[in-house]
Amino acid sequence: MTGPRVAGVGMTPFGKHESRTARDLFAAAAQEAIADAGVEHAAVEEVRFGNFMGEFAEGQGHMGPLAAEAAGVHAPSTRIESACASSGAAVRQGVMLVQSGQADVVLVGGAERMTNLSTADATEALAAAADAVWEVRPGMTFPGAYALMTQAYFAQYGGTSEDLAHIAVKNHANAVENDLAQFQRAIDVEDALEAPTVCSPFGLYDCSPISDGASAAVLVSEEYAAEHDLDAPVAITGSGQGTDSLALQARVSLTQTTATERAAAAAYEEAGIGPRDVDVAEVHDCFTHAEVLALEGLGFYDPGTAIEAAREGETTADGDLPVNLSGGLKAKGHPVGATGSAQISELTKLLEGRHVNSDAVSDSPGTVGLTHNAGGTVASAVVHVLEVVA
Amino acid sequence: MTREYRDAGYDDFLDALAAGEAYYLEGPDGDGFLPPREVHPRTGEELAERPLSDAGEVLTYTRVEVPTPQLADDAPYVLAVAQFGPVRLTGQVHSVDPDDVEVGMRVTADVGETVTSGERMVVFRPR
């Protein structure tokens, strides 16, 4: 047993599609994933769909049935909402359905429509992932929340805006050739440091953009893949989820992300690996410093030591552990409900040798990739381990 | 107040804070939490009400330039998390030059109002 296979993936370009509804975006991603998998629509037995702000952005709740219809699939369908980890959590639900034997073929994915909102309204919608009374009333925003974690980290361990700038530079560089990315544009450290301040110490280039987009994947059981002779060499060998207090102020630590640590521990245990076995990772860099928190929470670095990883070239495309070869949320874009399954889509292509940045990754059996999707200020975290098994 | 309803626990806390009688909920190991809570958030154990310390310390802060619409006229403002004994609060830092706010700054907690809508909120002032 190797775990559910990723039989097919699909993803719209991330960016501005302000006239397109989430259902419309998801339809495109789902058709691509189903065609890529080489399965019939009728073979799909369950749908799990991630979306965060449908009610706010387009007055649309109850999106499970809408997602299934858009995909052309007449199967039970449920929307999963865990803020920016919504579709990571949807993928995990699909993994568990296959692992438990409840289904052999599951369509997972997510979509988000955001750019139809003003910046202020998008800021309000995103703030709903924080504690509505204790945090949002006095003025918590999401850049603000991560800025609070960053300032606490700087006070405890050190670190500078220039360290953060190198993370943005790296992820922009990775996106230059990725046609699905919102920003196919290289930046330098000076660009990042000279950008307008959003909230100290973050400038514009420390923040992922407001984006529209959708992503999808078809997960199948190992047996189904064999019986139907599917070309599906990547398996999800580990899945884990962690939960922490919703409000940042209620956490044990302002500088460590317990939910990521728990999700990673569970995923590593299931996959029978440790952090040193991971060859490539897509992590949740909604803000530059979020990548630092992720690398430490996932066990790639000790607490307080990942801040210079990008600057030292350790996580660049030619580094020991390439991180966010897709461009990450920073440059690929962050349509929040689509991000977790987009990480699965991009990493699967990277591992199969069919991504524009696949040269940085071996497609040989045994190559291990990891996705890390976080919700809120990492009150939710979902980690998946993907391995080339054939 | 712009809302036509109260949030039990939260608004009760603000009333108590305004009256100089703020409180928090303490767990068996001395850890602290904000209301409303029935039980310890990680263990389900019982909690006891305790008076909140007057003396707080800023753990981290940021100057927010891009606010939600509810705080459009408040920005820029300094938002901070401060430690009061075993419990932490999130609030705006008032009555001080924003450039003078720093980690470790000693503060008291108070009830203030947003400029934009008059909504009540937790604020910190230098001690």
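Me: How many of the residues of α11(A) are buried?
Reply: α11(A) is mostly covered, with 10 of its 10 residues buried. Buried means under 20% relative accessible area, exposed is over 50% and partly exposed lies in between, with a 1.4 Å probe and protein chains only. Helices (H or I, at least four residues) and strands (E, at least two) are DSSP runs, numbered from the N terminus.

Me: Before we go on, what should I know about the model and the numbering?
Reply: This is a predicted model: local features need pLDDT of at least 70, side-chain atom pairs count only at pLDDT 80 or more, and totals for chains, interfaces and linings use all residues. Side-chain values use heavy atoms, with hydrogens and water left out, residues are numbered from 1 along each chain as its sequence is written, and chains are lettered from A and ligands numbered from 1 in the order in which they are written.

Me: OK, back to α11(A). Which residues are the buried ones?
Reply: Among them are Thr288(A), His289(A), Glu291(A), Glu296(A) and Gly297(A).

Me: And what do they pack against?
Reply: The buried residues of α11(A) pack against α6, α7 (161-175), β6 (202-203), α10 (258-271) and β10 of chain A. Contact here means heavy atoms within 4.5 Å.

Me: What comes after α11(A)?
Reply: Gly299(A) follows α11(A), and its phi is positive, near 85°.

Me: At what angle do α6 and α11 of chain A cross?
Reply: Roughly 65°, and the axes of α6 (residues 142-157) and α11 (residues 288-297) of chain A come within 10 Å. Axes are lines fitted to C-alpha atoms, for helices over the stretch in contact, and angles run from 0 to 180 degrees between N-to-C directions.

Me: Left-handed or right-handed?
Reply: The crossing of α6(A) and α11(A) is left-handed. A crossing is left-handed if the near helix is turned anticlockwise from the far one by less than a right angle, and right-handed if clockwise.

Me: Which residues make that contact?
Reply: α6(A) brings Tyr146(A), Met149(A), Thr150(A) and Tyr153(A), and α11(A) brings His289(A), Ala290(A), Val292(A), Leu293(A) and Glu296(A). By class, the α6(A)-α11(A) contact has six nonpolar, two polar and one charged residues. Ala, Val, Leu, Ile, Met, Phe, Trp, Tyr, Cys and Pro count as nonpolar, Asp, Glu, Lys and Arg as charged, and the others, Gly among them, as polar.

Me: What about Pro143(A), where is that?
Reply: Pro143(A) is in helix α6 of chain A. Pro143(A) counts as buried because its relative accessibility is 18%. Leaving out residues up to four places away in sequence, Pro143(A) touches Val198(A), Cys199(A), Phe202(A) and Phe287(A).

Me: Which element gives the most to the lining of the largest cavity?
Reply: α11(A), with three residues. The lining of the largest cavity includes Tyr146(A), Ala290(A), Leu293(A) and Ala294(A), and divides into six nonpolar, four polar and no charged residues.

Me: And the largest pocket, how much space lies in it?
Reply: About 720 Å³. The largest pocket is lined by 32 residues, and Leu204(A), Cys207(A), Ser208(A), Pro209(A) and Ile210(A) lie nearest its centre. α5 (119-127) and α6 of chain A each supply at least two residues of the lining.

Me: Which residues of α5(A) are buried?
Reply: Ala122(A), Thr123(A), Ala125(A), Leu126(A) and Ala127(A). The buried residues of α5(A) pack against α2 (54-58) and α6 of chain A.

Me: Last one, chain B. What covers the buried residues of α1(B)?
Reply: The cover includes β1 (23-26), β6 (87-93), β7 (106-113) and β8 (120-126) of chain B.

Conventions:
1 Å grid on protein atoms, 1.4 Å probe; cavity = no way out; pocket = protein on both sides within 12 Å on 5 of 7 lines; lining within 4 Å. Points joined across faces, edges and corners; volume = space filled by probe spheres on them.
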